[in-house]
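I opened this notebook to keep a record of what I looked up in one protein structure. Each entry takes up a single topic.

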Amino acid sequence: MIKDIKGLHHITSMASDARQNNTFFTETLGLRRVKKTVNFDDPNVYHLYYGDEAGTPGTVMTYFPFPGVMRGRSGVGEVSETQFAVPKGSLSFWQDRLTSKGADNVAADTVFGANCVRFNGPDGEGFVLIEAVDDARKAWTGAGIADSVAIRGFSGAKFRLHETAATAELLGFMGYQRAETEGNVTRFAMPGGNGADTIDLEALPQMPYARQGAGSVHHIAFAVENREKQLEVRKVLMDTGYQVTPVIDRDYFWAIYFRTPGGVLFEIATNEPGFDRDEDTAHLGEVLKLPARYEPYRDQIEAGLTPLAA
Ligand code: ZN
(Lines give C-alpha, C1' and ligand atoms only; values in the text may rest on other atoms or scores of the structure.)
Protein backbone atom coordinates (compact mmCIF):
# COMPACT_ATOMS: atom_id res chain seq x y z
CA MET A 1 0.00 0.00 0.00
CA ILE A 2 1.05 3.58 -0.69
CA LYS A 3 1.64 5.77 2.38
CA ASP A 4 3.06 8.93 0.85
CA ILE A 5 0.01 10.62 -0.68
CA LYS A 6 -1.09 13.68 1.28
CA GLY A 7 -4.40 14.64 -0.35
CA LEU A 8 -4.95 16.61 -3.52
CA HIS A 9 -2.28 18.71 -5.21
CA HIS A 10 -4.24 20.42 -7.99
CA ILE A 11 -7.22 19.94 -10.29
CA THR A 12 -6.88 20.87 -13.96
CA SER A 13 -9.84 21.70 -16.19
CA MET A 14 -10.56 23.17 -19.59
CA ALA A 15 -12.14 26.54 -20.28
CA SER A 16 -13.38 28.32 -23.40
CA ASP A 17 -12.31 31.87 -22.55
CA ALA A 18 -9.17 32.87 -20.66
CA ARG A 19 -10.39 36.33 -19.60
CA GLN A 20 -13.70 35.07 -18.31
CA ASN A 21 -11.95 32.23 -16.50
CA ASN A 22 -9.42 34.58 -14.92
CA THR A 23 -12.10 37.03 -13.76
CA PHE A 24 -14.24 34.28 -12.28
CA PHE A 25 -11.46 32.75 -10.20
CA THR A 26 -9.64 35.88 -9.10
CA GLU A 27 -12.57 38.23 -8.64
CA THR A 28 -15.73 36.21 -8.01
CA LEU A 29 -14.07 33.45 -5.97
CA GLY A 30 -11.20 35.61 -4.72
CA LEU A 31 -8.41 33.11 -5.33
CA ARG A 32 -4.94 34.30 -6.21
CA ARG A 33 -3.58 33.73 -9.69
CA VAL A 34 -0.29 32.14 -8.69
CA LYS A 35 1.03 31.40 -12.16
CA LYS A 36 0.45 32.58 -15.68
CA THR A 37 2.17 30.19 -18.03
CA VAL A 38 1.35 28.10 -21.10
CA ASN A 39 0.31 24.51 -21.65
CA PHE A 40 3.73 22.84 -21.80
CA ASP A 41 2.43 20.52 -24.54
CA ASP A 42 0.70 23.28 -26.54
CA PRO A 43 2.29 26.70 -25.86
CA ASN A 44 -0.39 28.59 -27.80
CA VAL A 45 -2.75 27.97 -24.90
CA TYR A 46 -2.44 29.44 -21.41
CA HIS A 47 -2.05 27.36 -18.30
CA LEU A 48 -3.51 29.45 -15.48
CA TYR A 49 -3.15 28.48 -11.82
CA TYR A 50 -5.33 29.83 -9.00
CA GLY A 51 -4.87 29.11 -5.29
CA ASP A 52 -3.85 30.55 -1.94
CA GLU A 53 -1.01 33.03 -1.51
CA ALA A 54 1.76 30.58 -2.39
CA GLY A 55 -0.22 28.08 -4.45
CA THR A 56 0.00 25.53 -1.66
CA PRO A 57 -0.76 21.99 -2.82
CA GLY A 58 -4.39 21.22 -2.04
CA THR A 59 -5.55 24.72 -3.02
CA VAL A 60 -4.65 24.94 -6.71
CA MET A 61 -7.28 24.97 -9.45
CA THR A 62 -5.70 25.16 -12.89
CA TYR A 63 -7.10 25.73 -16.37
CA PHE A 64 -6.24 25.29 -20.01
CA PRO A 65 -8.39 27.90 -21.73
CA PHE A 66 -8.77 26.75 -25.36
CA PRO A 67 -10.42 29.72 -27.08
CA GLY A 68 -13.95 28.88 -28.17
CA VAL A 69 -13.69 25.13 -27.45
CA MET A 70 -17.05 23.34 -27.29
CA ARG A 71 -18.52 22.64 -23.90
CA GLY A 72 -17.95 19.10 -22.61
CA ARG A 73 -20.79 16.66 -22.14
CA SER A 74 -21.28 15.42 -18.59
CA GLY A 75 -21.07 11.71 -18.06
CA VAL A 76 -19.31 8.95 -16.20
CA GLY A 77 -15.54 8.54 -16.13
CA GLU A 78 -14.83 12.06 -14.97
CA VAL A 79 -14.43 14.38 -12.00
CA SER A 80 -17.91 15.86 -11.78
CA GLU A 81 -17.50 18.26 -8.91
CA THR A 82 -14.70 20.27 -7.35
CA GLN A 83 -15.28 20.99 -3.67
CA PHE A 84 -13.81 23.97 -1.80
CA ALA A 85 -13.72 24.49 1.96
CA VAL A 86 -15.11 27.74 3.36
CA PRO A 87 -15.51 28.86 7.01
CA LYS A 88 -18.62 28.06 9.02
CA GLY A 89 -21.19 30.84 8.67
CA SER A 90 -19.92 32.04 5.28
CA LEU A 91 -22.45 30.38 2.99
CA SER A 92 -25.00 33.21 2.91
CA PHE A 93 -22.20 35.56 1.84
CA TRP A 94 -21.27 33.16 -0.95
CA GLN A 95 -24.82 32.58 -2.06
CA ASP A 96 -25.33 36.35 -2.40
CA ARG A 97 -21.97 36.94 -4.05
CA LEU A 98 -22.28 34.15 -6.60
CA THR A 99 -25.81 35.21 -7.47
CA SER A 100 -24.84 38.87 -7.85
CA LYS A 101 -21.86 37.93 -10.05
CA GLY A 102 -24.14 35.91 -12.32
CA ALA A 103 -22.98 32.38 -11.49
CA ASP A 104 -25.42 29.71 -12.73
CA ASN A 105 -27.47 27.32 -10.60
CA VAL A 106 -26.48 28.73 -7.21
CA ALA A 107 -28.27 26.61 -4.60
CA ALA A 108 -27.94 25.80 -0.91
CA ASP A 109 -27.67 22.10 -0.16
CA THR A 110 -26.03 19.64 2.22
CA VAL A 111 -23.40 17.00 1.59
CA PHE A 112 -22.57 14.32 4.17
CA GLY A 113 -24.21 16.44 6.85
CA ALA A 114 -22.33 19.65 6.03
CA ASN A 115 -24.01 22.74 4.65
CA CYS A 116 -22.88 23.74 1.19
CA VAL A 117 -23.61 25.98 -1.78
CA ARG A 118 -23.53 24.47 -5.24
CA PHE A 119 -22.96 26.50 -8.39
CA ASN A 120 -21.60 26.24 -11.89
CA GLY A 121 -18.50 27.91 -13.26
CA PRO A 122 -18.51 29.91 -16.52
CA ASP A 123 -18.22 26.74 -18.62
CA GLY A 124 -20.86 24.82 -16.65
CA GLU A 125 -18.37 23.08 -14.38
CA GLY A 126 -19.69 21.79 -11.05
CA PHE A 127 -18.44 23.46 -7.89
CA VAL A 128 -19.43 23.20 -4.25
CA LEU A 129 -18.43 25.40 -1.33
CA ILE A 130 -18.63 23.28 1.81
CA GLU A 131 -18.62 24.60 5.37
CA ALA A 132 -15.54 23.24 7.07
CA VAL A 133 -15.42 22.87 10.82
CA ASP A 134 -11.69 22.90 11.59
CA ASP A 135 -9.77 24.13 8.58
CA ALA A 136 -6.61 25.83 9.80
CA ARG A 137 -5.42 26.72 6.30
CA LYS A 138 -4.76 30.41 5.73
CA ALA A 139 -6.90 31.98 3.02
CA TRP A 140 -5.75 34.43 0.34
CA THR A 141 -7.46 37.75 1.03
CA GLY A 142 -5.63 39.88 -1.54
CA ALA A 143 -8.67 39.93 -3.80
CA GLY A 144 -10.72 41.77 -1.18
CA ILE A 145 -12.76 38.89 0.25
CA ALA A 146 -12.62 38.91 4.08
CA ASP A 147 -10.70 36.21 5.89
CA SER A 148 -13.88 35.25 7.78
CA VAL A 149 -15.47 33.95 4.56
CA ALA A 150 -12.59 33.32 2.11
CA ILE A 151 -11.97 29.95 0.45
CA ARG A 152 -9.38 27.81 2.32
CA GLY A 153 -8.56 25.47 -0.53
CA PHE A 154 -10.08 22.26 -1.82
CA SER A 155 -11.91 20.01 0.54
CA GLY A 156 -12.11 17.32 -2.12
CA ALA A 157 -13.67 16.19 -5.36
CA LYS A 158 -16.45 13.93 -6.61
CA PHE A 159 -16.12 11.42 -9.45
CA ARG A 160 -19.00 10.15 -11.56
CA LEU A 161 -18.39 6.50 -12.38
CA HIS A 162 -20.08 3.67 -14.21
CA GLU A 163 -19.10 1.42 -11.35
CA THR A 164 -17.07 2.33 -8.29
CA ALA A 165 -15.44 -0.90 -7.07
CA ALA A 166 -12.14 -0.68 -8.96
CA THR A 167 -11.66 3.02 -8.18
CA ALA A 168 -12.55 2.38 -4.53
CA GLU A 169 -9.89 -0.31 -4.41
CA LEU A 170 -7.33 2.02 -5.98
CA LEU A 171 -8.14 4.81 -3.50
CA GLY A 172 -7.71 2.32 -0.65
CA PHE A 173 -4.37 1.33 -2.13
CA MET A 174 -3.42 5.03 -2.25
CA GLY A 175 -4.11 5.40 1.49
CA TYR A 176 -7.73 6.63 1.49
CA GLN A 177 -10.19 5.14 3.96
CA ARG A 178 -13.86 4.49 3.22
CA ALA A 179 -15.76 7.01 5.36
CA GLU A 180 -19.51 7.28 4.72
CA THR A 181 -22.17 6.53 2.16
CA GLU A 182 -25.04 8.84 1.23
CA GLY A 183 -27.38 7.46 -1.43
CA ASN A 184 -25.25 6.36 -4.40
CA VAL A 185 -22.21 8.36 -3.22
CA THR A 186 -19.42 6.92 -1.05
CA ARG A 187 -16.86 9.19 0.57
CA PHE A 188 -13.20 8.26 0.99
CA ALA A 189 -10.94 10.29 3.28
CA MET A 190 -7.17 10.62 3.59
CA PRO A 191 -6.04 10.55 7.23
CA GLY A 192 -3.30 13.09 7.91
CA GLY A 193 -3.71 14.80 4.55
CA ASN A 194 -3.17 18.42 3.58
CA GLY A 195 -6.81 19.50 4.02
CA ALA A 196 -7.93 18.54 0.50
CA ASP A 197 -8.64 15.09 1.81
CA THR A 198 -11.87 13.60 0.48
CA ILE A 199 -12.90 11.83 -2.71
CA ASP A 200 -16.57 11.03 -3.28
CA LEU A 201 -17.46 8.26 -5.71
CA GLU A 202 -20.90 8.48 -7.30
CA ALA A 203 -22.18 5.33 -9.00
CA LEU A 204 -24.24 6.00 -12.13
CA PRO A 205 -24.43 2.68 -13.98
CA GLN A 206 -26.88 3.93 -16.64
CA MET A 207 -25.14 7.17 -17.59
CA PRO A 208 -23.11 7.40 -20.82
CA TYR A 209 -19.43 8.31 -20.75
CA ALA A 210 -18.46 11.98 -20.58
CA ARG A 211 -17.07 13.80 -23.60
CA GLN A 212 -14.35 16.26 -22.66
CA GLY A 213 -14.59 19.91 -23.55
CA ALA A 214 -14.87 23.31 -21.87
CA GLY A 215 -15.85 22.87 -18.24
CA SER A 216 -14.51 19.30 -18.03
CA VAL A 217 -11.85 18.36 -15.54
CA HIS A 218 -8.85 17.14 -17.54
CA HIS A 219 -7.10 15.42 -14.62
CA ILE A 220 -6.83 15.42 -10.86
CA ALA A 221 -3.46 15.49 -9.12
CA PHE A 222 -2.52 14.02 -5.75
CA ALA A 223 0.31 15.40 -3.64
CA VAL A 224 3.55 13.74 -2.58
CA GLU A 225 6.26 15.54 -0.66
CA ASN A 226 9.19 15.15 -3.03
CA ARG A 227 10.70 13.36 -6.02
CA GLU A 228 12.01 10.48 -3.95
CA LYS A 229 8.52 9.67 -2.64
CA GLN A 230 7.13 10.11 -6.15
CA LEU A 231 9.52 7.48 -7.52
CA GLU A 232 8.49 5.08 -4.77
CA VAL A 233 4.80 5.67 -5.57
CA ARG A 234 5.49 5.21 -9.29
CA LYS A 235 7.23 1.89 -8.67
CA VAL A 236 4.44 0.55 -6.47
CA LEU A 237 1.79 1.57 -9.04
CA MET A 238 3.77 -0.05 -11.87
CA ASP A 239 4.29 -3.22 -9.80
CA THR A 240 0.50 -3.32 -9.33
CA GLY A 241 -0.04 -3.16 -13.08
CA TYR A 242 -0.79 0.52 -13.73
CA GLN A 243 0.72 2.08 -16.83
CA VAL A 244 2.42 5.16 -15.42
CA THR A 245 4.20 7.83 -17.48
CA PRO A 246 7.84 8.68 -16.84
CA VAL A 247 8.46 11.60 -14.49
CA ILE A 248 7.75 14.88 -16.31
CA ASP A 249 9.18 18.26 -15.28
CA ARG A 250 6.33 20.80 -14.98
CA ASP A 251 8.71 23.51 -13.67
CA TYR A 252 6.67 24.05 -10.46
CA PHE A 253 6.31 20.34 -9.62
CA TRP A 254 7.23 16.96 -11.06
CA ALA A 255 4.40 14.91 -12.50
CA ILE A 256 3.51 11.32 -13.33
CA TYR A 257 0.16 10.33 -14.84
CA PHE A 258 -1.91 7.19 -15.10
CA ARG A 259 -5.44 6.36 -16.28
CA THR A 260 -7.62 4.81 -13.58
CA PRO A 261 -10.07 1.94 -14.08
CA GLY A 262 -13.08 4.28 -13.85
CA GLY A 263 -11.71 6.50 -16.64
CA VAL A 264 -10.42 9.45 -14.58
CA LEU A 265 -6.86 10.59 -15.33
CA PHE A 266 -4.76 10.72 -12.16
CA GLU A 267 -1.54 12.62 -11.65
CA ILE A 268 0.87 12.36 -8.75
CA ALA A 269 2.65 15.70 -8.29
CA THR A 270 5.45 16.76 -5.96
CA ASN A 271 5.11 19.59 -3.44
CA GLU A 272 8.56 20.76 -4.56
CA PRO A 273 9.83 23.08 -5.98
CA GLY A 274 6.65 25.25 -5.84
CA PHE A 275 5.39 28.33 -7.64
CA ASP A 276 8.02 30.69 -6.20
CA ARG A 277 10.86 28.97 -8.00
CA ASP A 278 10.92 31.59 -10.76
CA GLU A 279 9.25 34.67 -9.26
CA ASP A 280 8.84 36.37 -5.89
CA THR A 281 5.90 35.28 -3.75
CA ALA A 282 4.81 38.93 -3.68
CA HIS A 283 4.42 38.95 -7.48
CA LEU A 284 3.25 35.45 -8.32
CA GLY A 285 1.19 35.11 -11.47
CA GLU A 286 1.67 38.62 -12.77
CA VAL A 287 3.89 38.08 -15.81
CA LEU A 288 3.89 35.31 -18.39
CA LYS A 289 6.36 32.60 -17.38
CA LEU A 290 7.57 30.16 -20.00
CA PRO A 291 9.48 26.91 -19.68
CA ALA A 292 13.05 27.36 -20.93
CA ARG A 293 12.41 25.58 -24.22
CA TYR A 294 9.76 28.14 -25.26
CA GLU A 295 11.64 31.23 -24.08
CA PRO A 296 13.14 31.84 -27.57
CA TYR A 297 9.56 32.11 -28.94
CA ARG A 298 8.25 34.44 -26.21
CA ASP A 299 7.26 37.27 -28.55
CA GLN A 300 5.15 35.17 -30.87
CA ILE A 301 3.64 33.14 -28.02
CA GLU A 302 2.72 36.28 -26.11
CA ALA A 303 1.24 37.89 -29.23
CA GLY A 304 -1.09 34.91 -29.69
CA LEU A 305 -2.48 34.92 -26.13
CA THR A 306 -5.46 37.01 -25.01
CA PRO A 307 -4.25 39.64 -22.51
CA LEU A 308 -5.73 39.08 -19.05
CA ALA A 309 -6.94 41.60 -16.49
CA ALA A 310 -4.40 41.95 -13.67
ZN1 ZN B 1 -1.61 18.44 -13.51
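**Entry 1: Ground rules**

I worked from a predicted model, in which local features need pLDDT of at least 70 and side-chain atom pairs count only at pLDDT 80 or more, while totals for chains, interfaces and linings use all residues. I numbered residues from 1 along each chain as its sequence is written, and side-chain values use heavy atoms, with hydrogens and water left out.

**Entry 2: The zinc ion**

Which residues are the protein donors of the zinc ion? I found H10 (NE2), H219 (NE2) and E267 (OE), at 1.9 to 2.0 Å from the ion. Donors are N, O and S atoms within 2.8 Å of the metal (3.2 Å for Na, K and Ca); water is not among the atoms, so sites may look incomplete. Written along the sequence, the spacing of the donor residues is H-x208-H-x47-E. Because H10 belongs to strand β1 (residues 8–15) and H219 to strand β13 (residues 217–224), this pair ties together parts that lie 209 residues apart in sequence. Helices (H or I, at least four residues) and strands (E, at least two) are DSSP runs, numbered from the N terminus.

Are H10 and H219 buried or exposed? H10 is buried, at a relative accessible area of 1%, and H219 is buried as well, at 6%. Buried means under 20% relative accessible area, exposed means over 50%, and partly exposed covers the range in between (1.4 Å probe, protein chains only).

I next looked up T12, which has its place in strand β1. T12 is buried, with a relative accessible area of 0%. Leaving out residues up to four places away in sequence, T12 touches H47, T62, F64, V217, H218 and H219. Contact here means heavy atoms within 4.5 Å. One of these partners, H219, is also a donor of the zinc ion.

T26 lies in helix α1 (residues 18–28), and at 17% relative accessibility T26 counts as buried. Its contacts, again not counting residues up to four places away in sequence, are L31, R33, Y50 and A143. I also noted that T26 and A309 are 283 residues apart in sequence, yet 9.7 Å apart in space, C-alpha to C-alpha.

**Entry 3: The nonpolar cores**

How many residues does the largest nonpolar core have? I recorded 65 residues, and F159, M174, I199, I220, F222 and F266 have the most contacts inside this core. A nonpolar core is a set of buried Ala, Val, Leu, Ile, Met, Phe, Trp, Tyr and Cys residues joined through side-chain atoms within 4.5 Å. M174 touches I2, I5, M190, F222, F266 and I268, with residues up to four places away in sequence not counted. A second, separate core has 12 residues, including V34, Y49, A221 and A255.

**Entry 4: Pocket and cavity**

Rolling a probe the size of a water molecule over the atoms shows where empty space is left. On a 1 Å grid over the protein atoms alone, a cavity is a set of points where a 1.4 Å probe fits but cannot get out; a pocket is an open set with protein on both sides within 12 Å along at least five of seven lines; lining residues have an atom within 4 Å of a point. Grid points are joined across faces, edges and corners, and a volume is the space filled by probe spheres set on the points.

The largest pocket has a volume of about 390 Å³. Its lining has 20 residues, of which I130, E131, A132, V133 and S155 lie nearest the centre. Strands β7 (114–120) and β8 (126–132) each supply at least two lining residues, and β8 gives the most, with 3 residues.

My search of the whole structure found 1 cavity of 30 Å³ or more. The largest cavity holds about 40 Å³ of space, and L31, G51, D52, T59, W140, I151, R152 and G153 line it.

**Entry 5: The backbone**

Most residues other than glycine have a negative phi, and most peptide bonds are trans. A cis peptide bond joins E272 and P273, with omega about -5°, and P273 lies in strand β16 (residues 265–273).

Which strand holds N105? N105 lies in β6 (residues 104–111), has a positive phi near 55°, and counts as exposed at 58% relative accessibility. F112, in the loop between β6 and β7, has a positive phi of about 45° and is buried, with a relative accessible area of 12%.
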